[in-house]
Amino acid sequence: MQLTRGARTNRLYVALDDGDRLDDVLASIAARRRVQLSATESIAALQREISAPGQLSAEFADVAERATTARLTGLLEDALGADRAAMFLAADAYPALIRALHAAERAGFDLGRLLGNTVPARGFTDADDPAAVLTWRLRQHLKDADEAQQDNRPRPLAALTLTQLHTLTRLSASHRAVAREALKAADAAFTQLPAPVTTRTDHTHPAWNERPLGGLSRRELAAHLATVRTQLRHAQADGTPVSAAARHHIADLTRESQLRRALTWRDRAREDFQRDQATRAAAPGATSLAQVRRTLATRRTATADRRRWARAALARADAVSDKIYAELRFRERLPDHAPHRPHHRGEIPDWLADSHALTHPDTPAHWRTHLAERHRILARSLADRGHTLATAPPAWARPLGPPQPTSSPRRRHVWATTAALVELWRTRHAITGVPGLGPRPADPDDAAAWDNLDARVRALTGRRRPLHLPPPDAPASVMIAAALDHLDAPPPGGPLPDHPALRDPLGIGIAPLSHDALHARRARRALAAVLAGEPLPEAWREEITAPGEDDEDEQRTYTRLLTAISDYRRRHHRAGPDVLGPRPAGLDGDEWDHLTNAIDLYTHARVQHRLEQMRARTTAERAALLPPTSPLRQQPPPDTNRPGHRPPTR
């Protein structure tokens, strides 16, 4: 079909095939709509497409990835050197290496330390792709860090900082050095005590102080032998028989003399030195050998005690050192600092445009400038899209409430930005069946973004999440959590929840009242006083049940409750011992009911906690008094996970 445009008439030409009728062809042409856009319309459509928030968000993510690659490339060159870094840059798996480094950085690892531990582990000379090998090592390190963080074994030094651990390492090393010196001195003293000796023929004999004549010095032994031999010659000359005692004495002297001659020169010299040292201070006489033996026994006992205490001190120092080194080795597996948390409370949340590369101090300046400009353009595109939605709000925007009038440009801008974010969220998560944000995602990162965007919507509309009260027989921990949630939800007549992204874009917001900080400070002081058993400055605070000394949740709820009640009493001019005073009329009565419910929840939780403690103490006392075989003693539940366990038949 062709259509001419003439000066006076227009002609329509239609080509008919065999068997076609003109009426049928014209009817089919009229039912078909195929509009060919003009060049101006095509350019306008392309401009709308490239300036859409979703497209700008994808482009921002691509630029942020390129900026991160440039930053991490510079880090590799600084950490490994230009030559070694060039080896990784030329590898095919270099993009995967950059992603692994970025994941480790966001997990909280210091990349310089991490590369220093993973790169020298083994060389890359036989690797087909060194970047792939290093990527595998980094991922294994991240996997090991996850397993270490899930390890629940006791860590007595977990609360100490790295500086304190290094200080303890130095102190432990000094204690170990002192203990080693003490043990060395005790061992040296022990070697100076008499010990069994071995002759050159491998026969072992008692120490010199345990032998009958071992206490005689070399000169005394020679003198005794000379005397005995002289007496023996005289007896033989006179024909006088030698008594049995004299023969035994001669035999002892002979054995002692032969033993000393059979000793090695080292053992003989040591015995002579020990004998000289032991007998130098002893008085001569019949009791001198007994005195020497008592002195040596006392010295042996004292030396054994010294060795025992020195070994115990060294064992204690080694145990402390082992715990310190175990903690240091465990921390080598852990991240160096807290992981990076996405910031979703800004005007543009991180799930739409991740600001990590924009705010990182090591990102090159030209990349930061480029990212900042794209961030500004994305914010303007969000506002433009939101204002377009405000002219004709779709059905899914009903939870956001009606758009603000044009007479309130700031509120209208806030509504428009929130609507554009909700539209992008629905597009990314394919939400079509329900209005608003849809169900909360199961992924933790997406759930955090959903929570923040939901809080932004609630702050925009003034809606609050419904409060689900626990049953009356719920545990104390559940009641405390319910009390905290109840205090988090403002009363119907109170101020609406706030969100940083909904404040004035120019930074002019409503400053919090100074009374809030004053009430919070007084509540903390009241908590400290009630835990210390001191009287409270105001009588109405005595009506609130004191929290437990070992329950931080109860203490936090107590301070929050005192802060809220103090603010209510100030605004309603309450005085006296009554906590809230009489119930006012109107919306103030709703706030009174709100605080009363919070007090009831907290009191119920405190009573439930006390009952649980009393039951546990009663069970423990009963178990201590009853014998193990008593049927009244509470038996542990059967282990249903053991092999071969079968449930009881009915």
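Biologist: Let's start with Asp567: buried or exposed?

Modeller: Asp567 is buried, at 16% relative accessible area. The cut-offs are under 20% for buried, over 50% for exposed, and partly exposed in between (1.4 Å probe, protein chains only). Before we go on, this is a predicted model, so to speak of local features we need pLDDT of at least 70, and side-chain atom pairs count only at pLDDT 80 or more, while totals for chains, interfaces and linings use all residues. Residues are numbered from 1 along each chain as its sequence is written, and side-chain values use heavy atoms, leaving out hydrogens and water.

Biologist: Which residue forms a salt bridge with Asp567?

Modeller: Side chains of opposite charge can pair when their charged atoms come close. The cut-off for a salt bridge is a side-chain nitrogen of Lys or Arg within 4 Å of a carboxyl oxygen of Asp or Glu. Here the partner is Arg571, with the closest N and O atoms 2.8 Å apart. Both residues lie in helix 19, four residues apart, about one turn of the helix. Helices (H or I, at least four residues) and strands (E, at least two) are DSSP runs, numbered from the N terminus. Arg571 counts as partly exposed, at 37% relative accessibility.

Biologist: What else is Glu554 in contact with?

Modeller: Contact means heavy atoms within 4.5 Å. Setting aside neighbours within four places in sequence, the contacts of Glu554 include Ile480, Pro547, Tyr602, Ala605 and His609.

Biologist: Now the nonpolar side. Which residues touch the most other members of the largest nonpolar core?

Modeller: In soluble globular proteins, nonpolar side chains tend to be buried together. A nonpolar core is a set of buried Ala, Val, Leu, Ile, Met, Phe, Trp, Tyr and Cys residues joined through side-chain atoms within 4.5 Å. The largest one here has 34 residues, and Trp351, Leu352, Leu371, Leu382 and Trp425 touch the most other members. Elements giving two or more residues to this core include helix 3 (53–80), helix 14 (365–391) and helix 15 (409–428). Helix 15 gives the most, with eight residues. Leu352 itself is in contact with Leu378, Leu382, Leu421 and Leu424, among others beyond its neighbours within four places in sequence. Apart from this core lies another, of 25 residues, among them Met479, Ile480, Ala483 and Tyr558.

Biologist: Last one: where does Pro335 lie?

Modeller: Pro335 is in the loop between helix 12 (288–333) and helix 13, and at 18% relative accessibility it counts as buried. Pro335 and Ala107 are 228 residues apart in sequence and 6.8 Å apart in space, C-alpha to C-alpha. Leaving aside neighbours within four places in sequence, Pro335 is in contact with Ala107, Gly108, Phe109 and Gln149.
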